[in-house]
Amino acid sequence: MKKLIGIDLGGTSVKFAILTPDGEILQKWSIDTDIQNDGEKIVPNIIDSINHHLDLYGFTAKNFWGIGMGSPGIVDRQKGTVIGAYNLNWRTLQPVKQLIEAGTNLPFYIDNDANVAALGEGWKGAGEGGANVVFVTLGTGVGGGVIAEGKLIHGKSGAAGEIGHIVVEPNGYPCTCGNHGCLETVASATGVVRLAQDIAVEFTGDSQLKQLIDGGQEVTSKIVFDHAKQGDQLALAVVDKFYFYLGLACGNIANILNPEAIVIGGGVSAAGDMLLKGVGKYLNKFAFPQVRTSTKIKLAQLGNDAGVIGAASLAILSSESK
Ligand code: ZN
């Protein structure tokens, strides 16, 4: 049985996995990402690591359908190139596909990291293999990927699924994209803290979180959610505002796509069931009746494995379509 290789390229580590064509992980490992000298060692290190591990496990290129990879930056899927991946120090065009195919003798497929994570969760995680799944990741930024009618949606210029830049507050905080009030400005880890600091200014009730903020202590999104779990009044007001914004964005996504599931992942989603309930309340408010009863909000299930699993699926999807 031919296998798949999935690669999740990130700014601190490169994760690898060998998987069955059904998406079960057989082996996984990772290496540090060497971003020195414009990241020139990243691709050679990936090639060496693959060849080394194939040797180690007694495999040759013939045992595999191919390699799939998720990458930060702007990805050209046809040419297999990446540009503008600043956390890798890749400012200029990187011919990733050409180099990896030459170095491993395997067909190579690439997509951006958020899309690949969406494929992973859609295939083997909370999406349960459904044909319509939207993935929203709440981390240092807010990313997303859309699978509709079984296909990952890329759009005209590959910018489809930029869920973090749905505007939820037209006169809101400035965003890195140049706009104001994008979901990312209020629903990322730093966005939650910003909401907390702003709401704290007006808050007059009794709150331990307010004491932390007023005392100049470092506050994280986890601290905000932990205080909300303990019933802190300010924290509850902050997380309710967060649920409102995320629920508004999810309601609009759901009205357009009516997916089986909107899957929420990333560090902020560690808030768990409380988050599902809170966002669900606003999804019910903003979603169209038939959408409300058929689209579910779910928590991501694969954690760090979503990237390698989704990346590997690029190799099987692409070989099937040939
Ligand atoms: Zn934006």
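The largest pocket lies between domain 1 (3–119) and domain 2 (129–301), because both give residues to its lining. The domain bounds come from an automatic or database domain assignment. This is a predicted model, in which local features need pLDDT of at least 70, side-chain atom pairs count only at pLDDT 80 or more, and totals for chains, interfaces and linings use all residues. Residues are numbered from 1 along each chain as its sequence is written, and side-chain values use heavy atoms, with hydrogens and water left out.

A pocket here is an open set of points on a 1 Å grid over the protein atoms alone, where a 1.4 Å probe fits, with protein on both sides within 12 Å along at least five of seven lines; lining residues have an atom within 4 Å of a point. The lining of the largest pocket has 48 residues, and Pro72, Asp113, Ala114, Thr137 and Gly143 lie nearest the centre. Elements that give two or more residues to this lining include strand E1 (3–9), helix H4 (113–124) and helix H12 (305–320). H4 gives the most, with 4 residues. Helices (H or I, at least four residues) and strands (E, at least two) are DSSP runs, numbered from the N terminus.

Most residues other than glycine have a negative phi. Asparagine 37, in helix H1 (residues 36–39), has a positive phi of about 50°. Asparagine 105, in the loop between helix H3 (96–104) and E7, has a positive phi of about 60°.
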